[in-house]
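This briefing concerns the structure shown below.

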Amino acid sequence: MPSPFFEKVASAVEAAIHDAETELPADVVSVLQRAYAEETSAVAKGEFENIFENLRIAKERDVPICQDTGLIVLYITLPPDVPYSAELYEAAAEGVRRATVSVPLRPNAVDPVTRHNSGDNCGYGMPSIHISPGDTFSVTVLPKGAGSENMSQIKMMLPSEVGGIADFVCEVVKAAGSRPCPPMIVGVGIGGTFDSAPALAKEALLLPIDSMDEFEQSICDRVNELGIGAMGLGGKTTALAVKVKRGACHTASLPVAVNIQCWCCRRRRVEL
Ligand code: SF4
């Protein structure tokens with residue numbers, strides 16, 4: 001018999017996944033609408049219209065926005081009175097299993113070598129769960145599709161190459177081309193270590209995209225000069241936004257990770 005705590009977490013994760021998969025956050029929709037209004041290419045405008053029609057149908061029929069429902073990445077904050085426990089992980093995984101059936105999600109989690117599919121979007125290290133202390137008990141869901149994830153890269157730059165960060169981001173976006181279903185959101189993690197820079201880049205995708213600081217905007221402008229456009233068919237908007245998270249790094253290092261996110265930037269936060 002599951003404990004009330006287990007049930008609460010599993011239900012919250014299942015509900016957050018449902019909401020994330022079927023409706024985009026308001027900031028993402030508003031930036032898509034702004035990009036559509038500013039677009040001058042008829043072909044690109046048509047692709048934005050397809051996106052809006054896709055969103056309308058998903059909401060109306062209560063079905064996932066995209067057939068690639070992704071792998072589930074979870075960010076959990078724990079206040080001091082909620083214990084960090086194995087039960088928390090088990091309950092979160094149960095929420096993913098339930099959502100796989102109820103949303104439904106495509107079973108995407110496989111063994112990396114045998115390619116055996118677990119059938120429930122769970123496995124060793126999956127769902128990917130990040131836990132940190134916080135003022136409230138919250139769960140944020142970030143379903144991540146392979147089309148954009150596969151185009152992500154990390155580079156261990158030299159500290160003297162700090163002026164080349166924007167060049168590296170543009171190289172990654174250019175190499176990705178149409179494959180991550182642009183217009184994309186570019187998460188950039190600067191600093192940390194070889195393992196934490198990509199984590200920073202993914203956390204950057206949780207930030208609201210309807211505003212950018214000067215540094216983010218300058219990289220975004222460079223990316224949009226590439227002209228890849230909506231679905232790679234050319235146009236003014238290749239990236240809806242560039243979001244950056246920084247972490248302290250070794251004095252002799254400059255890790256830079258770029259985590260690409262397609263237009264279908266699904267995320268949902270719930271408080272328990
Ligand atoms: S890249 Fe995004 S929009 Fe394209 S198939 Fe994958 S999840 Fe769907």
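Two strands are taken to pair if DSSP finds at least two bridges between them. Helices (H or I, at least four residues) and strands (E, at least two) are DSSP runs, numbered from the N terminus. The model is predicted: local features need pLDDT of at least 70, side-chain atom pairs count only at pLDDT 80 or more, and totals for chains, interfaces and linings use all residues. Residues are numbered from 1 along each chain as its sequence is written.

**Strand pairing**
- Strand S1 is joined to strand S2 (residues 128-133) by 6 bridges, and the two run parallel; threonine 77 has serine 132 in S2 as its bridge partner.
- S1 and S3 run antiparallel and are joined by 7 bridges; isoleucine 72 stands opposite proline 143 in S3.
- A residue is buried if 20 or more other C-beta atoms, placed from the backbone, lie within 10 Å of its own, exposed if 12 or fewer, and partly exposed in between.
- Since 6 of the 8 residues of S1 are buried, S1 is largely enclosed by the rest of the structure.
- Strand S5 (residues 184-191) runs parallel to S6, with 8 bridges between them, and methionine 184 has alanine 239 in S6 as its bridge partner.
- S6 is likewise largely enclosed by the rest of the structure, because 7 of its 9 residues are buried.

**Helix H1**
- The 19 residues of helix H1 (residues 4-22) should span 27 Å at 1.5 Å a residue, and the end C-alpha atoms are 27 Å apart, which agrees; the expected span is 1.5 Å times one less than the number of residues.
- The buried residues of H1 include Val9, Val13, Ile17 and His18.
- Two residues are in contact if their C-beta atoms, placed from the backbone, lie within 7 Å.
- The buried residues of H1 pack against strand S1 (71-78), helix H4 (86-102), strand S3 (138-144) and strand S8 (268-271).

**Domains**
- The protein chain is divided into domain 1 (4-23 + 65-144) and domain 2 (147-269), with bounds from an automatic or database domain assignment.
- The contact between them takes 15 residues from domain 1 and 10 residues from domain 2.
- On the side of domain 1 that touches domain 2, H1, S1 and S3 each give two or more residues, and S3 gives the most, with 6 residues.

**Ligand shell and cysteine 181**
- The ligand is surrounded by Cys66, Asp68, Gly145, Gly147, Ser148, Pro180, Cys181, Cys262 and Cys264, a residue being near if its C-beta atom, placed from the backbone, lies within 6 Å.
- Cysteine 181 is found in the loop between helix H6 (165-176) and S5, and has a positive phi of about 55° although it is not a glycine.
- Cysteine 181 is buried, with 22 other C-beta atoms within 10 Å.

**Other loop residues**
- Threonine 237 lies in the loop between helix H8 (214-224) and strand S6 (239-247), and counts as buried with 27 C-beta neighbours inside 10 Å.
- Leaving aside neighbours within four places in sequence, the contacts of threonine 237 are Ala35, Glu39, Pro183, Asn224, Gly229 and Ala230.
- Aspartate 62, in the loop between helix H3 (42-61) and S1, counts as exposed with 11 C-beta neighbours inside 10 Å.
- A cis peptide bond joins valine 103 and proline 104, with omega about -5°; the bond from methionine 126 to proline 127 is cis, with omega near 5°.
- Proline 104 lies in the loop between H4 and S2, and proline 127 is found in the loop between H4 and S2.
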